[in-house]
Structure formats: C-alpha cells, structure tokens
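I opened my notebook to look up a few local features.

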Amino acid sequence: MPETLSSTRMFTPCGFSPHLHSAKEDDQGGLIFQDGNLASASLDALIQHLIPTTDYYPEKAYIFTFLLSSRLFIEPHELLSRVCHKCIEQQRLDDPVLDKARIRKFGPKLLQLLTEWTETFPSDFQEEQMIGHLKDVIDRIAPCDEAYWKRMNQLLQALNQKLATLGHGQEGIVKINAAVSDKLVAFKSKPPSIQREILTVCSDPYTLAQQLTHVELERLSHIGPEEFVQAFVHKDSLDSTKPCFNEQKKTSNLEAYVKWFNRLCYLVATEICMPAKKKQRAQVIEFFIDVARECFNIGNFNSLMAIISGMNMSPVSRLKKTWSKVKTAKFFILEHQMDPTGNFYNYRTALRGAAHRSLTAHSNREKIVIPFFSLLIKDIYFLNEGCANRLPNGHVNFEKFLELAKQVGEFITWKQVECPFEQDHNIIHYLHTAPIFTEDGLYLASYESESPENQIEKERWKSLRSTILGKT
C-alpha cells in the first residue's frame, strides 16, 4: 500500500514546489499546460485530475492546491460527492461482480487520497455527509481486500482525534472582551491591590517576548489552511443561481487570532496609560520597546507589530512629557522595520530573512517565523480574488491557485514549529485576562495623566469624565 505523507511532509524542504508536472498531460482533456506545468482547466477537468486510477495518482502538491482553492467554486461535500461518484463509475463499483484484480490496484490509491484529505483539511469532515460519502465509497471496495476495512477504521480514528483536537482548541480560546474596564481609570490615583500591572507579573522583557511567542504559536496551530480561503468565499460568477455559501464559512480560529492581535495592542496601551506617575509610564514604554526588540530577534513579527501599534495609539503618542523621559532610539529602529512604506518593504525583507533562517535551522528557536498576520490576510485576500476570477474561456486559473497554495503552504510549515521556550502559565494567564481599556478609557486615562492641550481635548476629557466616571 502506498505510503501516505502527512501535511507536514507535503512540502519540500525549500517550501512549496510551484511546478506541477502531470503523468497524464492532455490538453484535450480540458487541462492546459504551459512549459510542462498545469496553467488552467475547467473545474470538471481539475476534479477528474484529482481522481486516482489503477495506474495514476495525482501529485501531492496538486492535491493540496486543488483541495485548498476549489472551495471558491464548489463546497467540499459536493466535491467529495463528485469524486466518489466518478470513482464508482470509472471503476464499475456498482457491478454485481467486482473486478478484484483491478480494484486491488485502485483501492490503495483511493485510500491514500482520502487519507491526505482528512489529514490536511480535517474540518471539512465535521459535516456528517462528508463521512457518509467517505464510508460509502470505501464500503464498495472493502469486499475485495480485508485490509481496506482496517485502513478505513484507522483513517476514521485519526480523523476523530484531529476533530477532537480542533474542538478543544476552539473551546480553549479565551473569550476576549475589550470593554472590561473603562472603570480602571478610577484606579489611577489609588490602585487597589487586586489590580496588577505587567511589571509586577513579569519584569524581564526576554521572558515576556518568549511567553508572547507561546501564545502566538498556540493560536496559530488551530488555524486550518482552509480558513484562509473560506474567509473570502463568494458566489461563483458563472453560476448566478447557486446560493453563496459564505454563511457556512468556518473561520473562528482565524478571527480569534485577529482579536488576539487587537487585544495585545490595547493591553500595551493600557499598561502605559495606567500608571499615575510619568516616570513609571516611561519605564513601561522602555520595557515594551525591549520586549518588541526581542520579538523581532525571535521572529515573532505579529507580537512586535501589536506592541508598536499599541505604542502608536493616539492616547499613548500624545503623552509628550512621558515620551521625553524615554530613550527612543531603539523604538525608532523597530518602527523603521515595520514601516508600511513600499508595501511594508522593510518588514518583508526581514520576513524573508527569518524564513531563510527557518529553512536552515538546527534548533526550534531558529525555526520560529510568526508573520504579521493582518498583512498576511491582506496578501491572501488579493490572491483569493485572483483565484476566484475565471479566465475568459471559463477556465479556472490554476497558476493563481498555485500562488495561493505556496503562501498558505509556507504558513502551515511555520505554524507547526514547536515553541522551544519554557511556558510560564502565570504570565500567559495575565496576557489573556488582564483588564484593558476601551478607546474611550484610554483617552480618559491619557488626559488624567497629561492634561488636554487644546479646546477639543478639553471638551472630550470633560465628556469622558462624565460618561465613564460620573463626574462633572
């Protein structure tokens, strides 16, 4: 029986291989090749190209690429239904007497395809009809070889474990509420003992950067590759009668990760605006600059950008007296690295460097690459747009599929890195649960720290004191 590669081994050591050569190159079959590589095809032809036969099995890169992007045009359960139907038809699995010799050549390949699908996109199989299609087609070949029953049971067992892990990950995501504590501003003059601050929990910037990396990798591990496509699924422009299945999109892990970024921004801003004394606020800013620098050294660009974003929020940046006490040289260097100019040219250069280091790494620490997630989403959005637009002849643009698969494939490699740092549950708990100000709360805390400078700020301060503190 052919060896099945797990999703971690679907990519070459140099990342995703964009060149797909076919063992059955045939322009007449609806597949268009350029320089020996698959360029475009009708959706039907691409589905046919996915289906194994007695003497053909699709390349692993093709399987991943097509299963990832095809959901822009067809729902996974419908795709599996069509695959199973074609298998039954082509291998004559409905015949009263099966050709056992032929099915023994075909069976292992079908099982391998189904195994790769369940391993790489397990969330597709949360729907009962997917399991139904899978069991039905295997039940048809199983009478030809007892080993097929065993293989199906192993496949279903592994799938159940993956689905249980996915479910556990979703339940474990702490529900973040950004509106917890406008009232915290009342603590500024006299903080109660129950209200802790980051420096009492962790005073070492290196340790905090490592714990942030733990949080990032934990959250990244739950994001399935399909979420990057399902977030942008829309109606196929060639079929206006078909309802959009956007409502069914499963992107909860992706959305939770974006919320985590926003929370970290507001947590940083809250920690800076909270202390009553200017010297303490400056100390917190310098602490976070050191944390951000260590995140950069680790390759944790998402936490780095969240920290910089938090420090650049207006309620923080307006604290001129506080900033005058801060040694800002290191901060300006970090800002330069994450400068959005030239489509984040400096950041993209640093990311390529980290990605190259990861490929040649001798330790898990050197393998860490945590991209600035919002920018990754933006890049993938535009790739999805390219994938979803059919060519003038109605063909699917497979070259665009490959670009998307390369980007998502790289992400899969990065998210599977095991965090090498020792976990500190106390710090991680604080990062997830410490109360944070809303935007209004931040402004009020900022005005309480350093008085308003103009009439607009004075009026806003007065309004916020009234609405949040009940003072006039």
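**Notebook entries**

I looked up Ser449 and found it buried, with a relative accessible area of 17%. Buried means under 20% relative accessible area, exposed means over 50%, and partly exposed is in between (1.4 Å probe, protein chains only).

I noted the ground rules next. This is a predicted model, where local features need pLDDT of at least 70, side-chain atom pairs count only at pLDDT 80 or more, and totals for chains, interfaces and linings use all residues. Residues are numbered from 1 along each chain as its sequence is written, and side-chain values use heavy atoms, with hydrogens and water left out.

**Ser449, continued**

I placed Ser449 in helix 21 (residues 439–449). Helices (H or I, at least four residues) and strands (E, at least two) are DSSP runs, numbered from the N terminus. I then checked the side chain of Ser449. One of its polar atoms lies 2.9 Å from the backbone oxygen of Ala445.

**Gln161**

I asked where Gln161 sits. Gln161 is in helix 6 (residues 146–172). Is Gln161 buried or exposed? Gln161 is exposed, and its relative accessible area is 53%. I also looked up Pro122, which is 39 residues from Gln161 along the chain. Their C-alpha atoms are separated by 9.8 Å.

**Helix 1**

I went through helix 1 (residues 43–50) and found it mostly covered. Six of its eight residues are buried. I listed them: Leu43, Ala45, Leu46, Ile47, His49 and Leu50.

**Helices 3 and 5**

Two packed helices are described by the angle between their axes and the distance between the axes. I looked up both for helix 3 (residues 76–90) and helix 5 (residues 128–141). Their axes come within 9 Å and cross at roughly 10°. Therefore helix 3 is roughly parallel to helix 5. Axes are lines fitted to C-alpha atoms, for helices over the stretch in contact, and angles run from 0 to 180 degrees between N-to-C directions. Angles under 35 degrees count as roughly parallel.

Which residues meet? From helix 3 I noted several, including Pro76, His77, Leu80 and Cys84. They meet residues of helix 5, among them Met130, His133, Leu134 and Val137. Contact means heavy atoms within 4.5 Å.

I found three strands in an open sheet, in the order 1-2-3, with antiparallel pairing. The edge strands are strand 1 (31–34) and strand 3 (396–397), and each pairs on one side only. Two strands pair if DSSP finds at least two bridges between them. Four bridges join strand 1 to strand 2 (residues 37–41). I looked up Ile32, and its bridge partner in strand 2 is Ser40.

Key
A polar contact is a pair of N or O atoms within 3.5 Å; within protein, one must be able to donate a hydrogen and the other to accept it, and residues adjacent in sequence count only if both atoms are side-chain atoms. Angles under 35 degrees count as roughly parallel, over 145 as roughly antiparallel, 65 to 115 as roughly perpendicular and the rest as oblique.
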